[in-house]
Structures are given as structure tokens and as C-alpha cells.
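This report covers the helix packing, a salt bridge and a few individual residues of the structure shown below.

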Amino acid sequence: MERNDQLHEEAEEALNQINKKTGRNMPQAIGTAVVLVALILASLLIRIDLFVLLVVVFMVLALWELRVDFATVGLHIPVVMLWICSSFTLLATYYAPYHLITMSLSVIVSIILVSISASAKLSFGNRLSLAVAGKLSNTDASARLESSFNHDGGELHHSRISHVAVSVLTVLYIPLLASCIIIPLTFNNHPVAHAIMLVFLPALSDTGGLFAGAWLGKHKLSPRISPKKSVEGLIGSMLFAMTGAFAVFFCTYDSSIWASRWWVPIVAGVLIGAVGTFGDLCASMLKRDIGIKDMGHLLKGHGGVMDRVDSILMSAPFTCALLWVTGL
């Protein structure tokens with residue numbers, strides 16, 4: 001009995017050490033990841049349209065998280081208008097015959113409508129206040145003190161141009177980059193392979209960076225922005241993404257493609273590893289400026305939806321361009 005208790009304590013200590021190194025609750029993170037992978041693969045195998053709808057749902061959730069995050073520092077983004085514009089942009093990009101033109105026009109119209117809505121600063125109900133209160137309860141005391149929700153005047157201490165600027169940034173960050181996930185589904189007749197490269201390779205890159213950084217990381221990549229990021233983690237991200245790219249290529253393309261484009265998985269791995277890490281650093285810098293730890297709490301062990309899709313969004317235009325230019 002004592003032996004069992006000792007083994008149990010040692011296992012808990014080992015798990016705590018792993019959680020400390022990775023900065024996550026690993027059992028929860030693995031369980032959530034399994035569910036997400038199963039959901040995405042099911043949508044891809046059943047019908048590509050379901051995957052498109054899944055992207056729309058994730059972007060809607062991500063926009064709500066950004067609305068709450070910006071609200072903690074008194075910045076307003078018109079989330080309802082962003083939901084409408086983002087959903088329309090993503091769906092129109094996929095279903096319209098001229099995908100790139102449709103995406104460009106939709107983003108331009110979205111910027112105009114969102115800018116007008118942001119200047120009006122309309123808000124409905126008290127759901128946002130409750131969400132902000134919940135967010136602030138999980139952050140540090142200084143952030144709670146600085147939040148506009150703890151001061152008279154609320155969002156009034158920011159100029160209208162600040163609200164418009166952050167709303168336009170959100171349009172460029174969510175619907176524009178997410179459209180680069182949709183466009184590769186429409187060319188060269190390899191939608192499943194393209195979707196896997198766009199979604200799973202950045203996730204695989206994150207996993208490689210996480211484990212390489214946790215076990216081998218000694219040289220800090222950017223200690224001021226993200227103390228856990230390391231050069232070794234960046235290399236691990238590239239190698240994992242490269243390995244995944246080779247696997248996708250092996251299962252998708254024939255020998256003639258391999259003979260002329262064998263180098264593409266190498267370029268894809270380096271691009272996704274580097275750009276995905278940059279996306280993580282951008283999100284970390286944003287969280288540091290706002291004064292929060294996670295973008296949200298919708299995904300157990302992973303934080304918020306934005307914490308999972310930041311590297312996917314940042315990598316999407318580069319992967320899309322690489323697939324387009326190489327004719328894959």
C-alpha cells in the first residue's frame with residue numbers, strides 16, 4: 001500500500017514538472033486536442049462544406065474572445081457586425097466563382113461597415129460586463145485596477161479613432177487571414193490535403209516547439225515577450241512541421257510531383273515553423289500589453305480559441321501562396 005502511494009506521488013510530481021515546463025495542464029491539453037482533431041477530420045472526410053462551417057464557427061468564437069480581451073482595457077470592437085462580416089466573407093470566398101476577388105471585396109466592405117459600427121460604440125445587454133469580470137478575476141491585480149470597467153466613464157477615455165483602429169486590425173487579423181484557409185480548398189482539387197497542411201501543420205509545429213523547448217530549450221528566443229520560447233523550440237517547430245509536410249505530400253502526390261517539387265515540404269516546414277512562432281509571439285505581445293494570461297478559457301488545457309488559432313492564422317497566407325505558386 002505504501003509502495004502504491006509512493007508511486008502515485010512520484011507520478012503526480014512528474015506530471016507537475018511536465019505541466020510547469022510546458023506551461024499547460026497536459027492531460028487536459030491532450031484530451032482537448034484529441035477531440036479537436038477528431039472533429040476537424042470528421043468534417044473533412046464527410047464534406048468540405050462542413051470544414052468551412054467549422055472555420056466560421058471557430059472565427060466567431062475567436063471574435064468574441066477578442067471583444068472581451070479588448071474590453072478589459074476599454075477598447076470596443078463591434079462584435080455583432082464582425083460576426084456578420086466575417087461569416088459572409090468566409091462563406092462568400094468559398095462559394096463565389098471568383099474566390100480571390102470576392103475575398104478582397106468582402107474585406108474592403110467589412111472594413112467600412114466595421115469602422116462605422118465601431119465609431120457608434122453600440123453595446124447590448126450585460127453579457128460583456130460579466131465576461132470581462134470573469135476575465136479580470138483570472139488576471140493580476142494591476143490589470144484589474146487599470147481596466148476601464150473599474151472606472152467611471154468606461155470606454156470614454158479612449159478616442160473614437162482608437163476603437164476604429166483596433167476594429168480594423170481585427171478585420172485584418174480574423175476574416176482576412178482566415179480567408180487564406182478557405183482559398184486553398186478551391187484550387188488544384190486537393191482540398192483535404194490543403195486543409196490538413198493549413199490546420200494541422202501549424203498545430204504540429206506548436207507541438208514540436210512545445211516539447212523541444214521544454215526538454216532542450218536553453219537559449220531564449222524572446223525573453224521579454226515570451227520567456228518560454230527558445231531557439232531550440234523554434235528548430236523543433238520547423239522539424240515537426242517539415243515531417244508533417246513530407247507525410248502529407250507522400251500520401252497525396254505521385255512520383256512525378258515528387259521529382260520536380262521534392263523541396264516544397266522543406267520550405268513549408270521552415271515557413272510554418274518560423275511564421276507560426278512569430279504568430280505566437282505576436283499573440284503573447286498582445287496579451288502582455290492587455291495584461292492577460294490567456295485569450296480565453298473555451299478550450300481546456302489550451303486557453304482560448306485565439307491561443308490555438310494564432311499560429312494557424314499567421315501561417316495561412318504563406319502556406320496558401322506556396323501551394324498556389326508551386327501548383328499543388
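Throughout, buried means under 20% relative accessible area, exposed means over 50%, and partly exposed is anything in between, with a 1.4 Å probe and protein chains only. The model is predicted, so local features need pLDDT of at least 70 and side-chain atom pairs count only at pLDDT 80 or more, while totals for chains, interfaces and linings use all residues. Residues are numbered from 1 along each chain as its sequence is written, and side-chain values use heavy atoms, with hydrogens and water left out.

## Overall content

The chain has 13 helices and two strands. Helices (H or I, at least four residues) and strands (E, at least two) are DSSP runs, numbered from the N terminus. Of the 328 residues in the chain, 49% are buried. Contact means heavy atoms within 4.5 Å. Among contacts between residues at least 6 apart in sequence, 74% join residues at least 24 apart.

## Helix packing

Two packed helices are described by the angle between their axes and the distance between the axes. Axes are lines fitted to C-alpha atoms, for helices over the stretch in contact, and angles run from 0 to 180 degrees between N-to-C directions. A crossing is left-handed if the near helix is turned anticlockwise from the far one by less than a right angle, and right-handed if clockwise.

| Pair | Axis angle | Axis distance |
|---|---|---|
| α3 (residues 48-71) and α8 (residues 160-182) | roughly 160° | within 11 Å |
| α5 (residues 99-120) and α8 | about 150° | 9 Å |
| α3 and α13 (residues 305-325) | about 115° | 9 Å |

The axes of α3 and α8 cross at roughly 160°, which makes α3 roughly antiparallel to α8. On this scale, angles under 35 degrees count as roughly parallel, over 145 as roughly antiparallel, 65 to 115 as roughly perpendicular and the rest as oblique. The crossing of α3 with α8 is right-handed. On the α3 side the contact involves F51, V52, V55, M59, A62, L63, L66 and F70, and these meet V166, T170, Y173, I174, A178, I181 and I182 of α8. By class, the contact of α3 with α8 has 14 nonpolar residues, one polar and no charged. Here Ala, Val, Leu, Ile, Met, Phe, Trp, Tyr, Cys and Pro count as nonpolar, Asp, Glu, Lys and Arg as charged, and the others, Gly among them, as polar.

Helix α5 also packs on α8, at an angle of about 150°; the two are therefore roughly antiparallel to each other. Their crossing is right-handed. From α5 the contact takes M103, V107, S110, I111, V114, S115, A118, S119 and A120, and from α8 it takes R160, H163, V164, S167, V168, V171, L172, L176 and S179. The residues of the contact of α5 with α8 are 11 nonpolar, six polar and one charged.

Helix α3 has a further partner in α13, with axes 9 Å apart. This crossing is left-handed. F58, M59, L61, A62, E65 and L66 of α3 meet V305, M306, V309 and L313 of α13. The contact of α3 with α13 has nine nonpolar residues, no polar and one charged.

## Individual residues

L176 is found in helix α8 and is partly exposed, at 24% relative accessibility. Leaving aside neighbours within four places in sequence, L176 is in contact with M103, V107 and V171. L176 and L313 are 137 residues apart in sequence, with their C-alpha atoms 9.1 Å apart in space.

S237 lies in helix α10 (residues 231-252) and is buried, with a relative accessible area of 5%. Beyond neighbours within four places in sequence, S237 is in contact with S205, G208, G209, G273 and T277.

N188 is found in the loop between α8 and α9 (191-216) and is partly exposed at 36% relative accessible area. N189 is found in the loop between α8 and α9, and its phi is also positive, near 60°. At 74% relative accessibility, N189 is exposed.

## Salt bridge

The structure holds one salt bridge, defined as a side-chain nitrogen of Lys or Arg within 4 Å of a carboxyl oxygen of Asp or Glu. Side chains of opposite charge can pair when their charged atoms come close. Here D49 pairs with R47, the closest N and O atoms being 3.2 Å apart. D49 is buried at 16% relative accessibility, whereas R47 is exposed at 52%.
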